[in-house]
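Please prepare a short briefing on the structure shown here. Keep the sentences brief and group the points by topic.

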Amino acid sequence: MNNALLPGFGGPMGRHARPSGVWFNPMPWAILAASVLFMVLALRQAPCVQTDATNAIDGFIRLCYSDIPLMWTGQEFGLGNPPFGGDDVLFSPLLGVFMLMAVKVSGWLGAAIEPGADVQLQLDGAHIFFAVNAVMLFVCFLAWVVSMTLMGRDSRGRFRSWDGMLIAASPVVLASGLIHWDLLPIGLSAVGLYQFSRRRLMESGIVLGLAAAAGTMPLVIIVAVTACIGLRGRVTHVVKFIVPAAVTWSVIHLPLLLRDAESVIAFYQGRVSGEASYGSVWFLVQLTGWSVRAAGYLGLLVLLIAMVATIAWLYGRKIRPRVGTLVAAFVFLTCLVGAAFAPQTALWLLFALVLARPFRLEYVVFTAVQVTYWFAIWGYLSGHLTAAKNGPTNLYFLAIAFRVLADLWLIFLFYRDMARPGGDILRAPDHSDPLGGVLVDDETLEVIDDEAVGPEVSVDEGEAVTFVDPERAATRV
């Protein structure tokens, strides 16, 4: 009876039809969810706002710690010291410019910036500085969400992807989005990969070069994308991508290099030379009683070996991985072997996971583990999850162990997708890589019994399975 009534309203929807209209368009809903989440995130920082200079607040126990307001007082921005005013380089160049803009806007909005400002005036200015940074980082967050909506699964043509909602409504962002400035390089990296997915190699290189000037993780992303291009043997594409990225990164660093090159070198050395610190696998080893020396350099060595071995394995087996899969593998490896694992590092892992495996099981497990670790690190730093208060069981130790195991499981899934592309769910007959861009056009057609290989069919293990548009396949056959 219900089916009989449907023709009066236009008939039932066909098998290959897609719903349209604002209710079925992911973009406005992703933006709305991102806006609500970020508003809650900003309001959640209220318990950590110190309004009285004589009444210090423990941000660890209140679960609302942030580096942003502390930078105003710690680096004496309120006393007139600019982000690049000291002898040492303390921030990535683009991040320093970002902070300089926030300081200027804070001054226009009434924050006291004068050499003689007392502690109370500096605290008042820190509140304004935090609010300005929150608004600016919200723009970066929106850039991430919109880019993922435009380049996620099933986002071809005028259609958008619901993958952006995995970012817009993520508990990981709600927990760690305003601890530091990581949303700046993440937003730029997302825009850069979106440009790559739209076959704009030069624009992608420029934006990812900007991202690398705001943080070090985009350097890993650049290496992964370059490897994906190189594995397809397109030297011209490599040049079109890597040269703009290198030039952009160099131009932004040039003023600092001309002023004091040694300080710039010392800054990047400091990023990789740290000792084992909170959350890292090396810190976990130390908690068992083993001593780890020069954990930063050791982690960098392990990472380089893993990346070179991965690229060599892909080249030897003639495997052409999806861009998102290789990016995710390298980002997860970087975070796994790093000397420290700050809570905001989970944002980079979320970025990589949604690119590679935006599926329910992986997303739920990842979110549960990362949010649990977020609670654990604050409990450990506040002194409530140490062995002294919990007998022989160190709950923070267990939180690190579970997080490391979850990361290893996801890394295994990434490598399995690369090793057996026929079983990679994100590959489709007409679009083998949502982020592939020009690389999709370069793929060749495999024909078995006069039929194009589909996502459910694989050839010899280790051999790349590639897909093309069926119409183009018919002309080639």
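Between which two helices does the loop that holds Leu79 lie? Leu79 sits between helix 3 (67–74) and helix 4 (93–108). The model is predicted. Its secondary structure comes to 19 helices and two strands.

**Chain overview**

- The chain has 477 residues, and buried residues make up 50% of them.
- Take the contacts in the chain with a separation of 6 or more: residues 24 or more positions apart account for 73% of these.

**Confidence**

- The average pLDDT of the chain is 84. A score of at least 70 is reached by 84% of the residues.
- Residues 389–393 have a pLDDT below 50. Beyond near neighbours in sequence, this stretch has seven contacts in the model.
- Residues 444–477 also stay under 50 in pLDDT. The model has 66 contacts for them beyond four places in sequence.
- Where pLDDT is low, the predicted coordinates should not be read in detail.

- Is Leu79 buried or exposed? Leu79 counts as buried because its relative accessibility is 19%, under the 20% cut-off.
- Which residues does Leu79 contact, leaving aside neighbours within four places in sequence? They are Glu114, Pro115, Ala117 and Gln122.
- Leu121 is 42 residues from Leu79 in sequence. The C-alpha to C-alpha distance between Leu79 and Leu121 is 9.8 Å.

**Helix 10 and helix 11**

- Helix 10 spans residues 217–230, and helix 11 spans residues 235–272.
- Their axes come within 9 Å. The crossing angle is roughly 165°.
- Why do helix 10 and helix 11 count as roughly antiparallel? The angle of roughly 165° is over 145 degrees, so the pair is classed as roughly antiparallel.
- The crossing of helix 10 and helix 11 is left-handed.
- Helix 10 brings Leu219, Ile222, Val225, Thr226, Ile229 and Gly230 to the contact. Helix 11 meets them with His237, Val238, Phe241, Ile242, Ala245 and Trp249.
- How many of the residues in the contact of helix 10 with helix 11 are nonpolar, polar and charged? Nine are nonpolar, three are polar and none is charged.

**Thr334 in helix 14**

- Thr334 is found in helix 14, which covers residues 323–337.
- With 17% relative accessibility, Thr334 counts as buried, because that value is under 20%.
- Not counting residues up to four places away in sequence, Thr334 touches Met217, Val220 and Leu303.

- Leu63 is not a glycine, yet has a positive phi of about 60°.
- Where is Leu63? Leu63 lies in the loop between helix 2 (26–43) and helix 3.
- Leu63 is partly exposed because its relative accessible area of 24% falls between the cut-offs of 20% and 50%.
- Lys318 is not a glycine either, and its phi is positive at about 55°.
- The loop between helix 13 (295–316) and helix 14 holds Lys318.
- Is Lys318 buried or exposed? Lys318 counts as exposed because its relative accessibility is 65%, over the 50% cut-off.

Methods. Residues are numbered from 1 along each chain as its sequence is written. This is a predicted model: local features need pLDDT of at least 70, side-chain atom pairs count only at pLDDT 80 or more; totals for chains, interfaces and linings use all residues. Side-chain values use heavy atoms; hydrogens and water are left out. Helices (H or I, at least four residues) and strands (E, at least two) are DSSP runs, numbered from the N terminus. Buried means under 20% relative accessible area, exposed over 50%, partly exposed in between (1.4 Å probe, protein chains only). Contact means heavy atoms within 4.5 Å. pLDDT is the predictor's confidence in each residue, from 0 to 100. Axes are lines fitted to C-alpha atoms, for helices over the stretch in contact, and angles run from 0 to 180 degrees between N-to-C directions. Angles under 35 degrees count as roughly parallel, over 145 as roughly antiparallel, 65 to 115 as roughly perpendicular and the rest as oblique. A crossing is left-handed if the near helix is turned anticlockwise from the far one by less than a right angle, and right-handed if clockwise. Ala, Val, Leu, Ile, Met, Phe, Trp, Tyr, Cys and Pro count as nonpolar, Asp, Glu, Lys and Arg as charged, and the others, Gly among them, as polar.
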